Amino acid sequence: MSNTDAVSPADFLGAEKKLLPNAYKLRDELAGVLDGFEAEARENHLQSPVRRLAFYISNLVHERRIDLGGLEELVRLLTLDAFFYRARHLREYVGNCSPEANLETLAKLFTGLSRDANGATISFEDFRAKIEREVFGIVITAHPTFAVSQDLTQVLASLATGCGQDGKALDETDLLALATEVAESRHGTSAAMTLDAEQEFALMAIANIRAALRRVYRVVFEVAREVYPADWQQLTPKLITVASWVGYDLDGRSDILWSDTFLARLSVEEMALNDHLESLAEIATEEKLKSSTTETLNTIRAAISEQLARMKEDVARLKADPETSDGVGAFSRALADGADARLVSLSGIVEMLSDEIKANPDAACGLAVLRAEMANLGLAFAQTHVRINATQLTNAIREEIGPITSPEDPANRRRYVRAVSDLLDNVEPVSINFGSIMRERTTAKRVFMIVAKFLKFVDTDEPVRFLIAECNTAFTVLSALYYAKLFGVADKIDISPLFETGEALEQGHEIVSDLLENPHYVKYIKNRKRLCIQTGFSDAGRYIGQIPASLAIERVRIKMARRIKKSGIKGVDLVIFDTHGESIGRGTHPLSFSDRLNYTYPPEARKAFRDAGVNVKQEVSFQGGDGYVYFSNAELALATVCRLVEHALGDDPDIEDEFYEDTDFSLDFFMSVKGFNERLLENPNYAALLDVFGTNLLYSTGSRKVKRQHEGGARVDLAHPSQVRAIPHNAILQQLGYFSNSISGLGKAIARDFERFKEMYESSDRCRRFINMAAYARHLSDLDALHGYISLFDPSIWLRRSKIESDPDRAEQMQHLAHILRHGSAHEKLNRTYRIFLNDTIYLDKGLASVQNDDMLPGVAGDSYPDLTLLHGIRVALIHEVFLILARLPRFSDMAESSDDVINEILHLDIEHAVKVLKTAFPKSEPQADAKSFGEEATYRTDVDHGYAREHDELFDPLEEIYDLLRRTSTAIAHICGAVG
C-alpha cells in the first residue's frame, strides 16, 4: 500500500471509543453538561461554565459516582484525543507528506533553477552557483520542551504521515496498535530529563534530517545529469545545513562539565563515522563500480573504521575519570601521542571520491551524494554551535581590562570598546592543554579552549558557531574575538551575537554599525566571508509581546541592511539565525511552514537585503522535543526539508505592502502593543498571576532548570516575571488558558483606529499574517477558564458553596479554607490582571470578528472543542480537592518550616515539597524505643510511636495522586496548544 493509501488523520476518530469506552461515555456526559452551562452563560454573563463544570465534577467524586480512577481514565481519553488532534494539526502544518510527491516537487524546483526567465538553459556555472550555496540552516536546540518522550514523538510523526518508522503505510490494525500505545503510555513524568537523553533525542532527529538531505542531493544530481550530462559530476550541493547546540549550550548553566561538552562532540563524531560507513556499504551494493573504485572505497572504509575504533577508546578514557588530573592526563596523552594517526580531516577522502566520480560517469550518483555529505559536514553529524551568555564574557574580560561597569553604560560604552580594541592590537596566541581547561574557572575562556581542542583533535576543517545570548553591545562581540585570537581559533569560529532583549531589538543595527567601524572585526569577517547574527523571541516575547517583538526584529534587520550597504563591505554573506521556538508564544506561526518562515523573515526584510546587495542565509531553531517531531520519521523529515528548500529557493513575492507605506499606522500600532506589554510586565499583579501556580502545573520538560527560586526552605513569592525563564513563562500562560504574550495589547491597538485596521488587514500581507497568528492564540485562550483558576482563591465563593453543601464535614472544610484565603491578597491581585485581559480582549474580539477571524484558523481548529474546556474544568475540580485536603491538614510548629509555609506551598501547588515536609513532620511509623536501653519498661505510647498512617492514607498520599493527575491534564493541554511554552 502506498503512502497515499494510508489511513488519514480522520481515521483516528473512534479509536478512543474502542479503547476507553467508560471514559468515552463520561466525556459525552460532561460535554452535554458543558453545553448546558454555556447556553445559560450566554443568557447570564455572570455564570462561569468552567467553574460550574468543576463543581459538577467535584460533586460526582464526592458522591462516589466516579472515583479518582475514573477521572484518571477520563484524562487518559482526553490525552489520547489531544494527541490525535496534535497529529492532525501537524499533518496540516507540514503539508503533503508523500515522499513521491515531495521528490517530484524538488525535481521541478531544481529543473526550474536551470532555466532563465525565458525558459532557456542557463550555464552550468550559474546553476552550480545556485546549488552550491548554503541557502537555509536547521539548528537543533535543546530548550526545556521535552514534555513528550522520544517514543511517543515518533508515534506522533507516524500518525501525522500515515506511515511507520519503517516507511510502510499504516493500516487500521497499525493505527489501533499505535492508539493503544498512546493511551497506555505516560505523557509526561516527574523524572528529570537528562542531557544524555536530550542528546540521544537530538541525534535521532539529525539522522532523519541527514537521510532527507541525501534524498535531496540525489534529486539534484538526477536533474543535473539530465540537464548537464558532461558536467554534473563536478557538483557538490550544499543548500541546507544542519547544526546542533545540544550539549554545547552553557548559557546560565553550571551543570554541564567541560568533559560533558567534549563527550557530546565525540558522540556526534561517532554517529558521523557510522553514517559514512553505512553510505559506503549502500554504494557498494547499489551501484556498478569499477574494481579500482571498489578498492578505493575499501581504503576509505578502513580509514574510517580505524578512526571509529580510536574514538571509542577516547570516549572510554574520558568517561572513566573526567574529573582528576590523572584520568584527564591519560586521556590527553592518548590524544597527543596518536595525533599523527588520527583522522581529523576528510578533505583527502573527498578528493579520492572526486577522482572515482570522474572514473565512473554512469554510476557515480551515490559517490557524489557521499562526497557532498563529507564536504559539508566533515567529521560532524551536525555542525557545532556553542552558546554562552554575554555576562559570562564580561566576567571573563574583567581580568584583562580591569574593573568595568555594565558594558551598556552609555557613559563608558565607547571607552570599553577602545579598551578591548587595544587588547586586539597586541594579542598573541597562547598554547593550552587539557589541564588548562580543568583549571580554568571562567566559563567563556573554557569554552574557547574546548573549541580549540575540537579543532585540533576532532575535526580541523569544520568551523564552529559561537553564540552569545543577551548581547547588547559591540564590546561583547569584540571580547569574544579577543579570546578567539588568544586561543588561536579566530579563523575557524563564527561569532554570533543574539539580539533578544528590548534594548538589542532597538539597537541591534547600531551594534553592527559599531562592529563594522572596528578594523579588527572587519578583517575577521572578511577572512571568514560571513557576518553572523542571531535574533530571538526568548526574552523579547516576555518584555514587549510576541507580535511587537516580531516587528522589532524585522525593523532591526531592515536597518541593518542599510548599515551593511553603507559600510561598503563586499564579499561577506550575512547569516541570520532565528531562535524562535515551536509554539506561537515563542515566535512561530501556527498555520503552516510557509506562514512560519514568512512571519519570522518577512518578504520586506528579504527585499531590503536584496536591494542592499547582501546575500543572506536564514537559519531557524527547532527546539527540544516539540521541534524534533518534524524530523521524527523519514517521510516527515523529507516533507519538512522540502518545505524549507521550497521557501529558500522560491521566488520572493515582490508586492507592495501598505503596512510599510503607512508608517503612521504601523508605528502607532507597534508602540501601542509594545507599551501595553511593558506596563503589564511591570505590574506586580501580573507577577502574582504567573506565580499563582507557576511551573508547578508542569512536569519536568528538560535538563535545564526552569525555576528560579530559593533552594530549600519555604517558598518565596515571585516578585517579577524576569525570575521565570521564557519558556516556562509562556507555558504558564498557556496552562492558565490565556496566551497573553501573543495577544495582549492587540485589542487596544486595534481600537485606536478600528476602520483603518480593517483596511490595513485587507491590503497588507504582513498585517494579515500576524493577526492570523493572534487569532489562533485567541482561539486557544479561554478567559472563563482563567477566571475558574482565579476563583479558587475567592473566599466568598467557598463560603457560598459551604452554605449549600449537604455534607457538614465538607462544608466545614470549605469554611476553614475561606478563612485561610481571606488572610491573603491573591484573589484581588489576580482579579485586577483578569480585568486588564478582559477589557483588552473585548476590543480584540471585535477586531477579529470584523475581519472574519474564523477563516484564519487551521482547518482542524474546531476539533479541540470541547476537550480543551473539559481539561480546564477537570483541573479546576482537582485543585478544589487539593484545597479541601489542605483544610484538613494537621498543624505543626516544631520544624524549620511551619504549617503556614506548607499551606502557602500547597496553595501554589508546590505539592512535592509540601508533602515531603508533612511526611517528615508526621512519619507513618517509627521503631519503638528499646526498653533495655533505658533500664525500665514503658507502657505509654507517644504520638510518634502510634504513627500517622491515617494521615498518610487519607491526606498525604491522595495529595500526591491528585497532583500527578493534575499535571497529566497539563500535558494534554500542551498537546492541543502544540508545544510546551
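Where does Ser254 lie? Ser254 is in the loop between E2 and helix H10 (258-286). Hold on to that residue, and I'll come back to it after some background.

So, what are we looking at? This is a predicted model, where local features need pLDDT of at least 70, side-chain atom pairs count only at pLDDT 80 or more, and totals for chains, interfaces and linings use all residues. Residues are numbered from 1 along each chain as its sequence is written, and side-chain values use heavy atoms, with hydrogens and water left out.

First, the overall picture. The protein has 45 helices and 8 strands; helices (H or I, at least four residues) and strands (E, at least two) are DSSP runs, numbered from the N terminus. The C-alpha trace spans about 90 × 80 × 70 Å along its principal axes. For 981 residues, a compact globule would have a radius of gyration near 30 Å, and this protein has 30 Å, so the two agree. That radius is taken over C-alpha atoms, and the globule rule is 2.2 Å times the number of residues to the power 0.38.

How much of the chain is buried? Buried residues make up 61% of the 981 residues. By buried I mean under 20% relative accessible area, with exposed over 50% and partly exposed in between (1.4 Å probe, protein chains only). The protein exposes about 38300 Å², and carbon and sulfur atoms supply 48% of that. Those areas come from the Shrake-Rupley method with a 1.4 Å probe, and for residues only the protein chains shown count as cover.

Now contacts, meaning heavy atoms within 4.5 Å. Take the contacts between residues at least 6 apart in sequence: 83% of them join residues at least 24 apart.

On charges, there are 111 positive and 147 negative ones, and their mean positions are 4 Å apart. Lys and Arg count as positive and Asp and Glu as negative, while His and the chain ends are not counted. Each charge is placed at NZ of Lys, CZ of Arg, CG of Asp or CD of Glu.

How many disulfides does the structure hold? The count is 0, where a disulfide is a pair of cysteine sulfur atoms within 2.5 Å. Take Cys97: its closest cysteine sulfur is in Cys163, 7.9 Å away, so that is too far for a bond. Cys97 counts as buried because its relative accessibility is 0%. Cys767 is buried as well, with a relative accessible area of 1%.

Back to Ser254, then. Ser254 is exposed, at 73% relative accessible area. Ser254 and Val94 are 160 residues apart in sequence, and their C-alpha atoms are 37 Å apart in space.

Next, a few buried spots. His872 is in helix H40 (residues 867-886), and it counts as buried because its relative accessibility is 1%. Setting aside residues up to four places away in sequence, His872 touches Val50, Gln734, Gln735, Leu736, Gly737, Ala785, Tyr789 and Ile973. From Thr384, His872 is 488 residues away in sequence and 41 Å away in space, C-alpha to C-alpha.

Then there's Asn518, in the loop between helix H20 (502-516) and helix H21 (519-528). Beyond its neighbours within four places in sequence, Asn518 is in contact with Ser421 and Leu478. Moving into H21, we find Ile525, which is buried at 1% relative accessible area.

Most residues other than glycine have a negative phi, and most peptide bonds are trans. Which peptide bond is cis, with omega near 5°? That's the one from Tyr865 to Pro866. Pro866 sits in the loop between helix H39 (826-850) and H40.

Arg64 has phi near 65° and sits in the loop between helix H3 (49-62) and helix H4 (68-94). Is Arg64 buried or exposed? At 75% relative accessibility, Arg64 counts as exposed. Leu239 has phi near 60°, but its place is in strand E2 (residues 239-244), and at 1% relative accessibility Leu239 counts as buried.

That's my tour, thanks.
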